[in-house]
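Reader: I would like to learn how to read strands, helices and their packing from a set of coordinates. Please take me through one example.

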Amino acid sequence: MPTNITTDIRYIGIDDADMHLFESQYHTPEGMCYNSYLIMDEHVAIMDTTDQRTVEPWLTRLAEALGGRQPEYLVVHHLEPDHASGIGRAMETYPSLTLVCSAKAAQMLPQYYDTSALEGRIRTVKEGDTLALGRHVLTFIMAPMVHWPEVMVSYDAADAALFSADGFGKFGVYDADADDWACEARRYYFNICGKYGQPVATLLRKAAGLNIERILPLHGPVLEGQRMAEALRLYGIWSAYGVETEGVFVATASIHGNTAAAAQRLADMLRAKGCAKVAVADLCRSDMAEAVEDAFRYGRIVLCASSYDAGVFTPMADFLHHLAAKAWQRRRVALVENGSWAPSAAKTMRAALTAMKDIDIVEPTVTLRGSLKAADMPALEALADAIMA
Ligand code: FEO
């Protein structure tokens, strides 16, 4: 059943509880939702569609919410297929519809659809343009690279509502009352938008001048009240690549367990020295997207890895590749390597880190040769001290 967000704004999004690998790479054990909204005014506007797997139930939900009225506008904030796969069916089903989107979206549209049938039915808008629906007047705000270049958001002053596209989204099916929004919103943000901190910060600056009482994203719950305030606070930190949580994140890639044991010993030393929080991840077995999230969450990171084929053990190489792709930056990083005959992990990790922005490598790097021994403890203690300094 469509649900009311406000008197005139209905939620008509669809859950896909069986979508367990979003974008073919992110584990979503709790599924995913694709949000779509309807503004019922003198003129009716549909706000975005849904993904391919859920187009038919979305059309049913839309028809139910319309209650026989004809929609006039389909506003497309983001053309990525998880939100735009219903455009063709919606435009066919409702010949009354005009598609409203950014000029960049209009340019990209033929990459996905045969637009020959949409002649005269596309209206492009630019920064500050408005669309009057009656009591509601949408103002369009361009938000390129949050998360694609054609993205825009829209603001409705009547209900103090910001339709924020992917911004403020999260993994998981729709749960209006989810009390731990940040957990899956953080993993979503850094893996989907992590590279685009500057564009997100620009959008936040534009939004700061608006009276916003609710944020309506394309994934995750509508945000209002204290939860919205907390989300805005976190987005301020995240988009600036700031440190959200004081502590140390220890990421390990260990072949036979010796490097992992040393990492655990280092974590214990850090706790004993009063570190507020030490999070440890086994890159060989844990969710890569969660490890990426933690690398952004903490300010101090320890990379502990075995040497492998004259380089670094591949799960750590993969992790560093993910971090580089997401423009990871502004962190202090300590290195622990292990190598039985020719340690090469630290050199390889250091080279990868050198290519990143504002990475401060904490010395000394610790080199182990096989299992952790009493003779290794002073070097590990020295590193723990340096990390805590
Ligand atoms: Fe939810 Fe960038 O699509």
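Author: Begin with contact, which means heavy atoms within 4.5 Å. Gly299 touches Val243, Thr245, Gly247, Arg331 and Arg332, leaving out residues up to four places away in sequence. This is a predicted model, where local features need pLDDT of at least 70, side-chain atom pairs count only at pLDDT 80 or more, and totals for chains, interfaces and linings use all residues. Residues are numbered from 1 along each chain as its sequence is written, and side-chain values use heavy atoms, with hydrogens and water left out.

Reader: Is Gly299 buried or exposed?

Author: Buried means under 20% relative accessible area, exposed over 50%, partly exposed in between (1.4 Å probe, protein chains only). Gly299 has a relative accessible area of 13%, so Gly299 is buried.

Reader: In which strand is the place of Gly299?

Author: Helices (H or I, at least four residues) and strands (E, at least two) are DSSP runs, numbered from the N terminus. Gly299 lies in strand S20, residues 298-308. S20 is mostly covered, with 10 of its 11 residues buried.

Reader: Which strands pair with S20?

Author: Two strands pair if DSSP finds at least two bridges between them. S18 runs parallel to S20, joined by 7 bridges. Here Ala253 stands opposite Ala305 of S20. S22 also pairs with S20 in the parallel sense, over 7 bridges. There Ser306 faces Asn338 of S22. Strand S21 (residues 311-312) pairs with S20 in the antiparallel sense over 2 bridges. Tyr308 has Gly311 as its bridge partner in S21. The hairpin of S20 and S21 has 2 residues between the strands, and Asp309 takes a positive phi near 50 degrees.

Reader: What covers the buried residues of H12?

Author: The cover includes strand S18 (245-253), helix H8 (258-272), S20, strand S22 (329-338) and strand S23 (357-368). The buried residues in H12 include Met377, Leu380, Leu383, Ala384, Ala386 and Ile387.

Reader: At what angle do H5 and H7 pack?

Author: Axes are lines fitted to C-alpha atoms, for helices over the stretch in contact, and angles run from 0 to 180 degrees between N-to-C directions. H5 (residues 181-193) and H7 (residues 225-239) pack at about 35 degrees, with axes 12 Å apart. A crossing is left-handed if the near helix is turned anticlockwise from the far one by less than a right angle, and right-handed if clockwise. The crossing of H5 and H7 is right-handed.

Reader: Which residues of H5 and H7 meet?

Author: From H5 come Trp181, Ala182, Ala185, Arg186, Tyr189 and Phe190; from H7 come Arg227, Ala231, Leu234, Tyr235, Trp238 and Ser239. Ala, Val, Leu, Ile, Met, Phe, Trp, Tyr, Cys and Pro count as nonpolar, Asp, Glu, Lys and Arg as charged, and the others, Gly among them, as polar. By that scheme the contact of H5 with H7 has 9 nonpolar, 1 polar and 2 charged residues. H5 is mostly covered, with 12 of its 13 residues buried.
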